[in-house]
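My entries follow the order in which I looked things up.

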Amino acid sequence: MRAVAVAHPNVALVKYWGKRARAGNLPATGSLSLVLGGLATETSVRFDPHLARDRVLLDGREDAETSARVSACLDELRREAGVGLRATVESRNDFPTGAGLASSASGFAALVTAGAGALGLQLEDQRLAEIARLGSGSAPRSLLGGVVLLTNRDATTVCEQVAAPADWPLEIVVAVTTTGPKETSSRIGMALSEQTSPYYDAWVETHGADLAAGLAAVRARDFPALAGLAEHNCLKMHAVMLTTRPPLIYWTPATLACLHRIQEMRRDGVPVFFTVDAGPQVKAVCLPQAADDVATALAGIPGVLRILRSPLGEGARLRANPD
Ligand code: 2P0
């Protein structure tokens, strides 16, 4: 009753910030994302008749909030399988956790994949996406690979692959500007934005048009169109964050310096654009021929601690031969 799964974090080009309903953790909007195959989370789930409660170790540490979310996902899997067994969950990331690199997305995608595998469940994709969503609204996007569209239909989450990694080989250069966990989690930050930002309603109202434009740009492999749209959507989300009370200022000076540098490079004809999530890291999305220059330019910016590089990756999957 043990299985191990691997999943990759994802970065949204048209983002999710805010919920339609807290019950079921239903996002207010759809989103469009890239899966980062160069970064990985590996999660082992072992159901054990001797355990009185679930035990969750994230990079070797226990954390009550994450454990409660993990148990909520496992409860759904237990219900599907008709069992009451508790589980030991061990999850490791090969990249900084909780600092705006979507570790919860890859973590919960790997969790539900391993959990379903350990219980021998063959769930429909949509059901697995719903269970992953309870843990993290962005996790369903890491169940599939390449470019992924998440939409809400009634109260369900539907994910589809818009392009496989080989269809459009984009590369992502991540500039890490801090390595600690962020001060305000996405879940708390979103609730504050919904309640206090005067721009929140405009964000939701204009989101459908952004999603349609982003999708059209991906389908047409139109890099300049995607670049303009993704940067606009990112900055619009940060406008909501900045106008939240208390304000959510996720950027560092190095974050902003990277944004300026990336815009400058694009003006000079380099195929690159930025996106930034609920943290200070900058993700530069580029065509592969530009990746070396982009990595060198960002590495030279004061305050950039580390550069990570990633091609597009595959969706969550079980490890065939776990040790
Ligand atoms: C995104 N983020 O679309 C946006 C951009 C953060 C900024 O999806 O509350 O950590 O657990 O559903 O999954 C963060 O989402 O939040 C997120 P919860 P989650 O990538």
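How many aromatic pairs does the count come to? I am working on a predicted model, and in it the count comes to three aromatic pairs.

**Entry 1, aromatic pairs.** I looked up W17 and Y250, whose rings form an edge-to-face pair at 6.5 Å centre to centre, with 85° between the planes. W17 sits in the loop between β2 (10-14) and β3 (19-21), while Y250 sits in the loop between α6 (223-242) and α7 (253-267), so this pair ties together parts that are 233 residues apart in sequence. I checked the accessibility of these two residues, and both W17 and Y250 are buried.

I then turned to W168 and F223, whose ring centres are 6.5 Å apart and whose planes stand at 80°, so I noted this pair as edge-to-face too. W168 belongs to the loop between β10 (156-163) and β11 (171-176) and F223 to helix α6, so that the pair links distant parts of the chain, 55 residues apart. W168 and F223 are each buried, and together with F273 they form one aromatic cluster.

Helix α1 (residues 64-81) packs on helix α3 (residues 125-135) with the axes 7 Å apart and at an angle of about 155°. Angles over 145 degrees count as roughly antiparallel, and α1 and α3 are therefore roughly antiparallel to each other. On the α1 side I listed R69, A72, C73, E76, L77 and E80, which meet R127, I131, L134 and G135 of α3. I sorted the residues of this contact by type and recorded five nonpolar, one polar and four charged.

Which residues of α3 are buried? I found L128, A129, E130, I131, A132, R133 and G135, and what covers them includes β4 (26-27), α1, α2 (103-118), β10 and α4 (186-196). In α4 itself, the buried residues are G189, M190, A191 and S193, and their cover includes β3, α5 (200-219) and α6.

V294 lies in helix α8 (residues 291-299), and I noted it as buried, with a relative accessible area of 0%. Leaving out residues up to four places away in sequence, V294 touches V173, M265, V270, V272, A284 and C286. I also looked up Q281, which is 13 residues from V294 in sequence and 15 Å from it in space, C-alpha to C-alpha.

Last, I took the domain assignment of the protein chain, which gives domain 1 (2-164) and domain 2 (171-311). The centres of domain 1 and domain 2, taken over C-alpha atoms, are separated by 23 Å. Where the two domains meet, 37 residues of domain 1 are in contact with 50 residues of domain 2.

Notes
Residues are numbered from 1 along each chain as its sequence is written. This is a predicted model: local features need pLDDT of at least 70, side-chain atom pairs count only at pLDDT 80 or more; totals for chains, interfaces and linings use all residues. Side-chain values use heavy atoms; hydrogens and water are left out. Axes are lines fitted to C-alpha atoms, for helices over the stretch in contact, and angles run from 0 to 180 degrees between N-to-C directions. Helices (H or I, at least four residues) and strands (E, at least two) are DSSP runs, numbered from the N terminus. Angles under 35 degrees count as roughly parallel, over 145 as roughly antiparallel, 65 to 115 as roughly perpendicular and the rest as oblique. Contact means heavy atoms within 4.5 Å. Ala, Val, Leu, Ile, Met, Phe, Trp, Tyr, Cys and Pro count as nonpolar, Asp, Glu, Lys and Arg as charged, and the others, Gly among them, as polar. Rings of Phe, Tyr and Trp (its six-membered ring) pair if their centres lie within 6.5 Å; planes under 30 degrees apart count as stacked, over 60 as edge-to-face and the rest as tilted. Buried means under 20% relative accessible area, exposed over 50%, partly exposed in between (1.4 Å probe, protein chains only). Domain bounds come from an automatic or database domain assignment.
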